[in-house]
Amino acid sequence: MKDVNVLVMEPPNQLLPADTARPNGALGPAYLVGALRRHGIAADYLDATVGWPTDSLETTFYNRTEQDNGTVRYGMSPARLAEIFARYDVIATSSLFTAQTRMHVEAAAIAKKVSEEGGHRILMISGGVNARALHEHFLAHHFDVVALGEGEQTIVEVVEQYRKASPDFSQVDGIA
């Protein structure tokens with residue numbers, strides 16, 4: 001089995017112009033990182049609205065970009081995300097809110113581009129109530145796997161399959 005590095009992340013935020021950016025704060029991604037680490041799998045967490053400790057808040061949290069749909073995007077730039085994604089083999093997101101679907105799809109598109117340009121395939125996973133409800137949309141927009149239930153066991157099983165020379169995701173229950 002090959003070693004893999006996993007990034008569990010929250011994409012940048014997309015908000016109405018009157019709203020203010022805020023860190024995610026959900027516990028689900030922390031549980032996923034913990035489950036992976038308990039199984040000896042290297043895993044990191046990134047909230048792309050605030051970035052890594054080495055990132056300046058001016059380039060993340062206070063980075064406002066008006067979008068064509070009338071919302072404001074807060075968080076790390078696509079170029080910065082691409083730099084980070086190049087270090088990982090698996091990227092997982094937890095999509096809880098429909099309003100943030102676009103940001104999850106953006107992250108997956110960046111990962112796909114990094115995969116194509118970098119010569120190593122990045123596996124994209126999503127879960128959460130929104131990804132589950134819109135799993136066909138997520139799968140049609142650069143995601144490889146969507147968890148349909150609790151993610152702590154599922155993500156470990158998906159990553160273990162991915163580590164094999166010939167992964168067979170049909171062996172993992174509870175995914176689309």
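On a 1 Å grid over the protein atoms alone, a pocket is an open set of points where a 1.4 Å probe fits, with protein on both sides within 12 Å along at least five of seven lines, and its lining residues have an atom within 4 Å of a point. Grid points are joined across faces, edges and corners, and a volume is the space filled by probe spheres set on the points. By this definition, the largest pocket holds about 320 Å³ of space.

The structure is a predicted model, in which local features need pLDDT of at least 70 and side-chain atom pairs count only at pLDDT 80 or more, while totals for chains, interfaces and linings use all residues. Residues are numbered from 1 along each chain as its sequence is written, and side-chain values use heavy atoms, with hydrogens and water left out. The mean pLDDT (the predictor's confidence in each residue, from 0 to 100) is 92 for the protein, and 100% of the residues score at least 70. Helices (H or I, at least four residues) and strands (E, at least two) are DSSP runs, numbered from the N terminus. Confidence is lowest in strand E2 (residues 13–15), with a mean of 90, and highest in helix H2 (residues 78–85), with 97.

The lining of the largest pocket comprises 24 residues, and Leu-32, Ser-94, Gly-128, Gly-149 and Gly-151 lie nearest its centre. At least two lining residues come from each of helix H1 (28–38), E6, strand E7 (123–127), helix H4 (129–133) and helix H6 (151–163). H6 supplies the largest share, five residues.

The interior may be described through its nonpolar cores (sets of buried Ala, Val, Leu, Ile, Met, Phe, Trp, Tyr and Cys residues joined through side-chain atoms within 4.5 Å). Buried means under 20% relative accessible area, exposed over 50%, and partly exposed in between, with a 1.4 Å probe and protein chains only. The largest core has 22 residues, and those with the most contacts inside it are Leu-7, Met-9, Leu-46, Leu-81, Ile-84, Phe-85 and Ile-91. Strand E1 (5–10), H2 and helix H3 (101–118) each contribute at least two residues to this core, and its largest share, five residues, comes from H3. A second, separate core of 21 residues includes Val-4, Leu-32, Ala-92 and Tyr-162.

In H2, the buried residues are Arg-80, Leu-81, Ile-84 and Phe-85. They lie on the same side of H2 because they cover an arc (of the directions from the helix axis to the C-beta atoms) of only 135° around the axis. These residues pack against E1, strand E3 (42–47), strand E5 (72–74), strand E6 (90–94) and H3. Beyond its neighbours within four places in sequence, Leu-81 is in contact (heavy atoms within 4.5 Å) with residues including Met-9, Leu-46 and Ile-110.

H1 buries Pro-29, Leu-32, Val-33, Ala-35 and Leu-36. The buried residues of H1 fall within an arc of 160° seen down its axis, so they line one face of the helix. Their cover includes E1, E3, E6 and H6. After H1 comes Gly-40, whose phi is positive, near 75°.

Lys-2, in the segment before E1, counts as partly exposed because its relative accessibility is 40%. Not counting residues up to four places away in sequence, Lys-2 touches Tyr-162 and Arg-163. Arg-163, in helix H6, counts as buried at 15% relative accessibility.
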